Amino acid sequence: ITYCQLVNPMFRSASRFQSLSALAFAPGLACMPCVLAFSEDYHFDTKGFPTKCVNPVAGAPWPTALPLAGVGMRRKNFYIMEVDVYMAAVNLSNKALQNVKSCKANGGTSYVEAALQSSKGPVPQAAVTVVLRFVRDVDSKKVSEAFNDLFAGVAPDRIANFGKQLSAAVGETGMKNGEEVMFVWMEGGGMKFIKNGVVGGGVADEEIEHRLLGAYLDPAKAVSPELLACVNANIEKL
């Protein structure tokens, strides 16, 4: 269970966004600074996710936080039923947000290219983050291989490198119920995998990066239609 999940119930009566930066450094607590809003404050039910995403890696802040653009459950077919695997939250930088709005206004339905078209600035800045909060235990091998279908036709060594880097982030213990891993797409290209505030790996492979984001922002490939529907319903309000 993340710290932000634990403190969420403490602020249910809040009428405005609550800054938890000070709490993050209180004795006995360790968590990235975050800004929370609740269902009555935000444009949609955040499912306990922060409404702004900041870099969880200590000492490397991004110039601007990324607004929460959508949340949704990833479900997987298991014999004759569907089971919940993880809740996903997508955050877009201000540039990416405007690009996605423009794409939607012009009739676009896949937001991958729009979200990743921002050029690299003088200071490292995330363009998109996707946080996966697991609701069941999943071993490391299954996590690293879960996206392989997205990479059909990509050279096997590049797919293997992606799996190796993601496995390094997830670790030998895999993902436990309540744990989170963050995918970070940087402006200008390149992405990182972060678990518990530690960068465990990353790739600099444009095709891999774009196909992976398609799992969340492309209706033809989306693993969570619920997430994409949330983005579509709320993007103009952000």
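The model is a predicted one. The protein has seven helices and nine strands, and buried residues account for 50% of its 238 residues.

In soluble globular proteins, nonpolar side chains tend to be buried together. Here the largest nonpolar core has 50 residues, and those with the most contacts inside it are Leu92, Leu132, Phe147, Phe183, Tyr216 and Leu217. Helix 6, residues 206-217, supplies the largest share of this core, with six residues. Another core lies apart from it and has 18 residues, including Tyr42, Cys53, Met186 and Ile194. Beyond residues up to four places away in sequence, Leu92 touches Leu66, Pro67, Ala69, Leu97, Val100, Ala115, Ala127, Val128, Leu217 and Ile235.

Helix 6 deserves a look of its own. Of its 12 residues, 10 are buried, so helix 6 is largely enclosed by the rest of the structure. The buried residues are Ile208, Glu209, His210, Arg211, Leu212, Leu213, Gly214, Ala215, Tyr216 and Leu217.

The aromatic residues come next. The structure holds eight aromatic pairs. In one of them, the ring centres of Phe183 and Trp185 are 6.3 Å apart and the planes meet at 80°; this angle is over 60 degrees, so the pair is edge-to-face. Both Phe183 and Trp185 are buried. Phe183 also pairs with Phe193, with ring centres 5.5 Å apart and planes at 70°, so this pair is edge-to-face too. Phe183 belongs to strand 7 (residues 180-186) and Phe193 to strand 8 (residues 191-195), so the pair ties together parts that are 10 residues apart in sequence. Phe183 has a relative accessibility of 1% and counts as buried, while Phe193 is buried with a relative accessible area of 0%. These rings are members of one aromatic cluster, formed by Phe147, Phe151, Phe162, Phe183, Trp185 and Phe193. A ring can also face a charge: the charged end of Arg133 sits over the ring of Phe49, 3.8 Å from its centre.

Asn55 is found in the loop between strand 3 (52-53) and strand 4 (66-78). Although in a loop, Asn55 has a relative accessible area of 14%, and because buried means under 20%, it counts as buried. Its side chain makes polar contacts with the backbone. A polar atom of the Asn55 side chain lies 3.1 Å from the backbone nitrogen of Val57, and the side chain also reaches the backbone oxygen of Ala60 at 2.5 Å. Setting aside neighbours within four places in sequence, Asn55 is in contact with Ala60, Pro61, Trp62 and Ile194. Ile194 is among the residues of the 18-residue core.

Ser224 is placed in the loop between helix 6 and helix 7 (225-234). With a relative accessibility of 1%, Ser224 counts as buried. A polar atom of its side chain lies 2.8 Å from the backbone oxygen of Met73. Apart from neighbours within four places in sequence, Ser224 contacts Gly72, Met73, Arg74 and Ala215. Ser224 and Tyr86 are 138 residues apart in sequence, yet their C-alpha atoms are 9.7 Å apart in space.

Ser167 lies in helix 5, residues 156-170. Its relative accessibility is 22%, so Ser167 counts as partly exposed. Not counting residues up to four places away in sequence, Ser167 touches Ser140 and Ser144. The C-alpha atom of Ser167 is separated by 9.4 Å from that of Phe193, 26 residues apart along the chain. Phe193 is also a member of the aromatic cluster described above.

How values were computed. Residues are numbered from 1 along each chain as its sequence is written. Side-chain values use heavy atoms; hydrogens and water are left out. A nonpolar core is a set of buried Ala, Val, Leu, Ile, Met, Phe, Trp, Tyr and Cys residues joined through side-chain atoms within 4.5 Å. Buried means under 20% relative accessible area, exposed over 50%, partly exposed in between (1.4 Å probe, protein chains only). Helices (H or I, at least four residues) and strands (E, at least two) are DSSP runs, numbered from the N terminus. Contact means heavy atoms within 4.5 Å. A polar contact is a pair of N or O atoms within 3.5 Å; within protein, one must be able to donate a hydrogen and the other to accept it, and residues adjacent in sequence count only if both atoms are side-chain atoms. Rings of Phe, Tyr and Trp (its six-membered ring) pair if their centres lie within 6.5 Å; planes under 30 degrees apart count as stacked, over 60 as edge-to-face and the rest as tilted. A charge sits over a ring if NZ of Lys or CZ of Arg is within 6 Å of the ring centre and within 35 degrees of the ring normal.
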